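I am keeping these notes as I look through a structure that is new to me.

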Amino acid sequence: MANVFEQILEKETVFKDRNLITPHYTPRELPFREAQIKEISEILSGLINSLKVNNLFLYGKTGTGKTSTVRHVISDLLDYANKKDSKINAIYINCRNHSTKYRALLKCLKELYPNENFLGFSAGFVHEKLIDYIKENKNSVAVVLDEIDKLKELDDLVYALTRANDEFEKGSISVIGISNNLMFKDRLDPRTKSSLCEKEIVFSPYNAEELKEILIQRVKLAFKENTVSDSAINLASAIAAKESGDARTALMLLLRAGEISDKKEKKTVSEEEIFEAKKSVEEEIIFSMISTLPSQEQLVLLSIAELSLKKTGITNLSGEQEKGLMFSGEVYEKYQKLAKNLGENVVSTRWYRQYISELEMYGLIHTTNSGPGQRGQTRLIKLGFDAEKIKNVLEKELN
DNA sequence: CCTCCACAGGAAGCGCAGGAGT
DNA sequence: ACTCCTGCGCTTCCTGTGGAGG
């Protein structure tokens, strides 16, 4: 019998380099983000001349290329700075992993002094040390705060970072905030807001055509030649565009489809595999999103799922029956019943509306304002994914 | 035209948990 | 160990909006 590892590792595959199609990979080319790249670069170019540049705030839904774009610009900037002997540091911080002011500052220091460890030093010391670094080295430092909405004490941190600029004769700190939470900006302290959002750049979702281009480009990198059919790419981009305009979903579709082809020992990826991949990707996304939701929000979502399974639908703007559409009010009623049955407390209508907005932001539901023929000013709610699947996941989550 | 309904979403404030300062 | 402070989840109150109906 052949060696097991030989069987596994030397198996025929459709991939040339599987890593290049995972979400972690930052491609060198970023189609349809030229405008944003240019805008960000123009702003950051001042750093080369040791000027303090405007703080930057980027927002857009998940998978719209915010992080990739920033990483791209930063790496170009550092390359150029190297050539010109310009003193620039760029620090990338994912606030999900460094969620307090202290941890974020610590991460900055770690980048500036790679060989030293400041763990355990007081917050004040860490802050001083950061300022000292810039005073001594006269560097321009750009701090990227990704998923900035996950950061606690954000007001403090932004204040600490930007206020320091007054003390420098040469060198500076600039902050680039990235968020996919559109409401987030409004929750900020007015001073932080004006400081952080000196310049704002919006990333809108990709449409099907754009997703297609992105996929074609990635397929060239990650798959062997002529393994992925055009129709498969078309289908994958159409699915992703319809659901969210999220490039990550589109890439995941291709990745899974490739894996399915390998498993079947097929040498190509066709529409069939994309369809199969769609199921598993959907479930993955749904599961990972839902399981991190607060239980109250899960309850609201479950109410929507149950209603859309039961209801026949309501008449929409064009006067036709649309399935799975429901009023905000009836969802709240359903939610009240469900919560009572499960012994959970029931939140007020105001907070319930907050939940609805958040669920929409995550792409789990879609809402539209009611038009003529409907009850006044209300929201029509529709589930973003298959009701049956969501219900299954939720019922497990909620026991 | 006015009023009522069924909501949307802003503003203020409350109680709590957990971290910092002393 | 103790206060003080702050962010968070939430409620209460409020103003605004647009269709329905008198």
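**Entry 1: the three-stranded sheet**

I began with an open sheet of 3 strands, whose order is β8-β10-β9 and whose pairing is antiparallel. I note at once that the model I am reading is predicted. At the edges of this sheet I find β8 (326-327) and β9 (365-369), each of which has a single partner strand, so one side of each is left without a neighbour in the sheet. I then followed β9 along strand β10 (residues 379-383) and noted 5 bridges between them, in the antiparallel sense. Within that pairing, threonine 367 stands opposite isoleucine 381 in β10.

**Entry 2: the helix across it**

On the α12 side I listed Gln296, Glu297, Val300 and Leu301, which meet Tyr352, Tyr355, Ile356, Glu358 and Leu359 in α14. Sorted by class, this contact has 6 nonpolar, 1 polar and 2 charged residues.

**Entry 3: the five-stranded sheet**

Next I turned to an open sheet of 5 strands with parallel pairing, in which I read the order β2-β3-β4-β1-β5. Its edges are β2 (88-94) and β5 (199-203), and because each has a single partner strand, one side of each is left without a neighbour in the sheet. From one strand to the next the twist averages 15°. I checked one pair inside the sheet and saw strand β1 (residues 56-60) joined to strand β4 (residues 172-179) by 4 bridges, the two running parallel. Here tyrosine 59 stands opposite serine 179 in β4.

Two helices on this sheet went into my notes. Helix α2 (residues 34-44) lies across β1, β3 (140-146) and β5, at about 160° to β5, while helix α6 (residues 154-163) lies across β3 and β4, at about 150° to β4.

**Entry 4: the cores**

I asked myself which residues touch the most other members of the largest nonpolar core. Of its 39 residues, they are Val70, Ala142, Val143, Val144, Leu145 and Ile176. Taking isoleucine 176 and leaving out residues up to four places away in sequence, I found that it touches Leu56, Val70, Ala142, Val143, Val144 and Leu145. Apart from this core lies another, of 30 residues, including Tyr206, Leu215, Ala232 and Ala241.

**Entry 5: threonine 62**

I then looked up threonine 62, which has its place in the loop between β1 and α3 (66-84). Is threonine 62 buried or partly exposed? Being buried would take 20 or more C-beta neighbours, and threonine 62 has 19 inside 10 Å, so I record it as partly exposed. Beyond its neighbours within four places in sequence, threonine 62 is in contact with Asn180, Asp246 and Arg248. From threonine 62 to threonine 249 I noted 187 residues in sequence and 9.6 Å in space, C-alpha to C-alpha.

**Entry 6: the whole chain**

Last, I noted that chain A has 15 helices and 10 strands, and that 36% of its 399 residues count as buried. Its C-alpha trace spans about 70 × 65 × 45 Å along its principal axes.

Technical notes
Residues are numbered from 1 along each chain as its sequence is written. Chains are lettered from A and ligands numbered from 1 in the order in which they are written. This is a predicted model: local features need pLDDT of at least 70, side-chain atom pairs count only at pLDDT 80 or more; totals for chains, interfaces and linings use all residues. Two strands pair if DSSP finds at least two bridges between them. Axes are lines fitted to C-alpha atoms, for helices over the stretch in contact, and angles run from 0 to 180 degrees between N-to-C directions. Two residues are in contact if their C-beta atoms, placed from the backbone, lie within 7 Å. A nonpolar core is a set of buried Ala, Val, Leu, Ile, Met, Phe, Trp, Tyr and Cys residues joined through C-beta atoms within 7 Å. A residue is buried if 20 or more other C-beta atoms lie within 10 Å of its own, exposed if 12 or fewer, and partly exposed in between; C-beta atoms are placed from the backbone. Ala, Val, Leu, Ile, Met, Phe, Trp, Tyr, Cys and Pro count as nonpolar, Asp, Glu, Lys and Arg as charged, and the others, Gly among them, as polar.
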